[in-house]
Amino acid sequence: MTAIHRIKPSLSASTEIFQPALAVFALTAACLAPLQPLAAPRLPTDPAEVLERLPMRPGDATARELAGLRAAVIRAAKEAPADPLPATRLAGRYYELAIARGDPRYIGYADAVMAPFAKSRSPEVLAIRGQLRQARHDFDGALADFAGALEVDPQFASAHAWRGAIYLVQANYAAARQECDALLKLDRATLYGGCIGLVFAYSGQMEAGSAALQRALDETRDPGNRLWLLTRLGEVAAWRGQLDEAEKHYRAALALGLDDGYLLAAWSDFLLDQQRPAEVVKWLAGWETSDGLLLRLALAETALKQPAAKTHVQALADRFAAAKVRGDTTHRAEEARYLLHLAGDPAAALTVAVANYQVQREPRDARVLLEASIATKDAGAAQPARDWLRSSGFEDAYLRRLGSASAQ
Amino acid sequence: MMRRRTFLHLLLLLCAWTTLPAMAHKASDSYLVLQVNGREVAGQWDVALRDIDFAIGLDANGDGDITWGEVKARNADIAAWALGRLKLERGGDCSLRATELLVDDHTDGAYAVLRLAGTCPSDAPMLALSYRLLFDIDQLHRGLLRLAVDGVSHTSVLGPDSGVLNVKAGETSRRAQFGQYLVEGVFHIWIGFDHVLFLLSLLLPAVLVHESRRWTGVRSFRTALTEVLWVVTAFTVAHSITLSIAALQIVELPSRLVESAIAASVALAAANNLWPVVERRRWLVAFGFGLIHGFGFASVLTELGLPKDALVLSLLGFNVGVEVGQLVIVACFLPAAYLLRNTPLYRKGVFVGGSILTLLVALVWLAERVFNLRLIGA
C-alpha cells in the first residue's frame with residue numbers, strides 16, 4: 001500500500017499543530033521506505049551516459065583469472081562432473097574477493113558455484129563451504145563442515161585453524177585452545193603461535209598473548225601476515241593501556257601500505273577512544289563504501305560537528321534499513337553502535353546488541369552491549385557480557401569499568 | 001591449494017569478515033512490485049545493472065563502464081532473461097511483457113527498471129508466483145516482492161529456498177483489505193489539515209452560546225455534545241455521499257476546483273466564528289461543505305486505486321476510517337473544550353485566536369490553490 005501522495009499546502013503553523021499526526025505518518029512512511037525505490041525511474045537521453053561502473057574490466061588481471069577459473073568449472077561440469085576441485089578454486093577466489101573488496105555479492109557467487117556439490121564429503125568442498133557459512137555468521141554450520149573435513153583428513157591444518165578462529169569469536173576459549181594444540185601436534189608452529197596468542201589475549205593472559213603474537217611476528221616475512229599480527233598486537237596493547245606501544249604497532253602495520261579494512265577499523269577505534277577524531281577523518285577518506293568504516297567516519301565527523309556527518313549518518317541508516325528488508329543480520333555489531341552513538345536510540349541499540357552477542361562474543365561485541373545497557377539502565381541485559389568478563393578474566397581496564405558501571 | 005594458506009592469513013580473512021562486515025555494496029536484491037487486479041497485471045521490476053552484467057554481460061566495449069547505450073541495446077535480452085525467471089499463475093500461466101525500460105538509482109548503484117504488463121487466464125482466487133532470478137549464479141540474491149492482489153498487499157523476501165509464493169485472494173484478505181483502507185481513511189483525516197481545520201472551526205463554538213453579542217459557555221455537557229453530534233453526523237453523511245459518487249465515477253470534478261472550494265469552506269467556517277452569520281444550524285453548514293470535502297477524499301482514494309471486485313468494501317473501509325479519525329479528534333477536543341469553556345484562554349485564545357489563525361491559513365491555501373489554477377490555465 002503506497003503512502004498518500006497528495007500534496008498538501010504546508011504552513012509551519014499548521015505543521016506544528018498537527019505534529020503528532022505528522023509523526024505517526026512519517027513513521028509509517030519510514031517503515032514503507034525501504035521498499036520504495038529511492039528516486040523516480042527515469043529515461044536517460046544520452047546513450048553515452050555512464051550509469052554504472054563495474055568492479056572490474058574484462059581485461060583486468062583479476063577478471064581474466066576469474067574467467068579462466070569459470071571456464072575450468074564449465075569444462076569440468078561436462079567432462080568430470082564429480083570433480084569438485086575447479087569449483088572450489090573459483091569459490092575460493094570469490095571468497096577472497098568478497099573479503100578484499102568488502103563485497104558480499106561474491107559470497108553469493110561462491111555459494112552458487114558450490115551448490116552442485118552440496119552432498120560432497122570431500123575435505124576441500126567442506127572447507128570452502130565452512131568458510132562461506134562463517135561469512136554468513138552460520139558459525140555452528142561452519143564448525144560442523146570443518147569437523148567433517150577433519151574426519152576425512154585429520155592432517156587438514158587449516159580446518160583446525162578455522163575452528164579455532166570461530167571458537168574465539170564465540171568466546172569458547174577451551175575449545176579454541178584444543179584446536180591450537182592440534183596445530184602444535186601437526187607441527188605447524190606459526191599457526192600455533194597465532195592461534196594461542198589470541199586465546200591467551202582473550203582469556204586474561206594478555207602478556208603471554210602479546211609475547212606469542214610477537215614471536216609469530218618475528219618468524220614471518222609475509223606482509224599480509226605481518227599486517228595482521230601488528231594489528232592484533234596493537235589491539236592487545238591498547239587493551240592493556242599501553243597506548244604508545246599500541247600506536248607503534250598500528251603505525252608499523254599502516255606503513256606496510258596494504259589496503260586493509262580491519263586494520264583501519266581497529267586504528268580508527270583506537271583514535272576515537274583517544275579523542276582524536278580529526279585523524280580518523282583523514283585516514284578514512286575514500287572508504288565510505290565500507291559499512292564498518294563509514295560508521296567510524298560518521299562517529300568522527302559527529303564528534304567534530306562536521307557537516308558531512310549528517311549525510312553519512314543517513315547513508316548508514318539507509319544501509320541498515322536495506323539489510324533489514326532482506327533479513328540480513330550480519331551487520332548487527334555495527335548497527336548497535338550506530339543506534340547508540342549516532343541515531344540516539346539506546347533502547348533499539350540494546351535489542352540489537354543483545355541479539356549480536358548471542359552470535360558474536362568478541363571484546364568489541366561485549367563493549368557495545370555494556371554501553372547500551374548503561375545507556376538504558378537495563379543492568380540485566382548485559383549479564384552475558386559481565387559473565388564473560390568474569391569467566392575470561394579479560395584484562396581491558398576500560399571494559400572492566402563498563403562492566404561494573406552496567407551492574408549498578 | 002587450500003592447505004598452503006597460513007593460519008594467519010585465514011584468520012585475517014575471518015576477522016575481516018566477522019568484525020567488519022564492511023560491505024562496500026550490499027548483497028544483491030531486486031525490487032519487484034506487482035499489481036494484479038482480476039486478470040490484469042501491472043508492475044515494475046528493478047534489477048541492478050551489475051547483476052544483469054554478471055548474468056548476461058552488458059559491458060559491450062569492455063571498458064568497465066555501463067552506459068545507457070549499452071543497456072538500451074540489450075533491452076530485449078534483459079527482458080527475456082528476467083521474465084524467463086518469473087512465473088505468475090492465476091487460473092493458468094499469466095502472460096508478462098516488459099513495456100518500458102528505464103533506470104533508477106538505489107543505495108548500491110544503478111538499476112534497470114522494467115515496467116511490466118500482462119494478462120492472466122482468469123481471476124481465480126488462487127495466485128502463484130515463482131521467482132528464480134539470479135539464484136543460479138548468486139545464492140545470496142533476494143527478490144523483495146510487493147504484490148497487490150485485487151488491492152490487498154503482500155510483501156515477501158524471495159530466496160533460493162523460498163522462491164515460490166502462493167496467495168489466496170479470499171475471505172481473510174478481504175478483511176485485511178477492509179482494514180487497510182480503514183487505516184488509510186484514519187490517516188487521511190489526520191494529515192488532511194484542511195478537513196481537520198474545517199471540523200474544528202465548526203466544533204469550537206459548540207461549547208459556547210452567542211447571546212446578546214457575547215459568547216458564554218454552555219450550561220451542560222449534554223448541550224455541547226448534542227451540537228457536536230449534529231455537526232459531525234451532518235459532515236459525515238454529506239462527505240460519504242460525495243465520496244461514494246466520486247469514487248464510483250458517477251460525478252467527477254476538477255481537483256483544483258474541489259481543493260479551492262475546500263479552502264474557501266475552511267475560511268468561511270472560521271470567519272463565521274469571528275463574525276457570526278450562521279449560529280443555530282451549523283449542521284447545515286457542515287452538511288453543505290461536507291459535500292465538497294467528500295470530493296476531496298475521493299481524490300485520495302483514486303490515487304490509492306480501488307480494487308474492482310471489492311469496491312464497496314474498500315469504500316466502506318475508507319469511510320469508516322475517516323469517521324474513526326474524526327471521532328478521535330472529537331474525543332480529544334470536546335472534554336478539554338468543555339472544561340475550559342468559561343476561561344479567557346478558551347474564549348479569547350482558542351476560539352478567537354484559533355479562528356483567526358485558521359482563517360489566515362485557509363486564505364493562504366485558497367490563494368495557493370487558485371494561483372495554481374491560473375498557472376495551469378495559462
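What share of the 378 residues of chain B counts as buried?

1. Start with chain B. The model is predicted. Of the 378 residues in chain B, 49% count as buried. The secondary structure of this chain comes to 11 helices and 12 strands.

2. Next, contacts along chain B. Take those with a separation of 6 or more: residues 24 or more positions apart account for 74% of them.

3. Now the nonpolar cores. The largest has 116 residues. Tyr94(A), Ala110(A) and Val199(A) have the most contacts inside it. Look at Val199(A) in detail. Leaving aside residues up to four places away in sequence, Val199(A) touches Leu168(A), Tyr173(A), Ala176(A), Arg177(A) and Cys180(A).

4. Another core, of 60 residues, lies apart from the largest one. Among its residues are Ala267(B), Ala286(B), Ala337(B) and Leu366(B). As background, nonpolar side chains tend to be buried together in soluble globular proteins.

5. Turn to a helix pair in chain A. H6(A) covers residues 123–135, and H7(A) covers residues 139–152. They pack at an angle of about 165°, with their axes 8 Å apart. Angles over 145 degrees count as roughly antiparallel, so H6(A) is roughly antiparallel to H7(A). The crossing of H6(A) past H7(A) is left-handed.

6. Which residues meet where H6(A) packs on H7(A)? From H6(A) come Pro123(A), Leu126(A), Ala127(A), Arg129(A), Gly130(A), Arg133(A) and Gln134(A). From H7(A) come Phe139(A), Gly141(A), Ala142(A), Asp145(A), Phe146(A), Gly148(A), Ala149(A) and Val152(A). Sorted by class, this contact has eight nonpolar, four polar and three charged residues.

Key:
Residues numbered from 1 in each chain as written. Chains lettered and ligands numbered in written order. Predicted model: local features only at pLDDT ≥ 70, side-chain atom pairs only at ≥ 80, totals over all residues. Core = buried A, V, L, I, M, F, W, Y, C linked by C-beta atoms within 7 Å. Buried ≥ 20, exposed ≤ 12 C-beta atoms within 10 Å, placed from the backbone. Contact = placed C-beta atoms within 7 Å. Axes fitted to C-alpha atoms, helices over the stretch in contact; angles between N-to-C directions. Helix = DSSP H or I, 4+ residues; strand = E, 2+ residues; numbered from the N terminus. Parallel < 35°, antiparallel > 145°, perpendicular 65-115°, else oblique. Left-handed = near helix turned anticlockwise from the far one by under 90°. Nonpolar A, V, L, I, M, F, W, Y, C, P; charged D, E, K, R; others polar.
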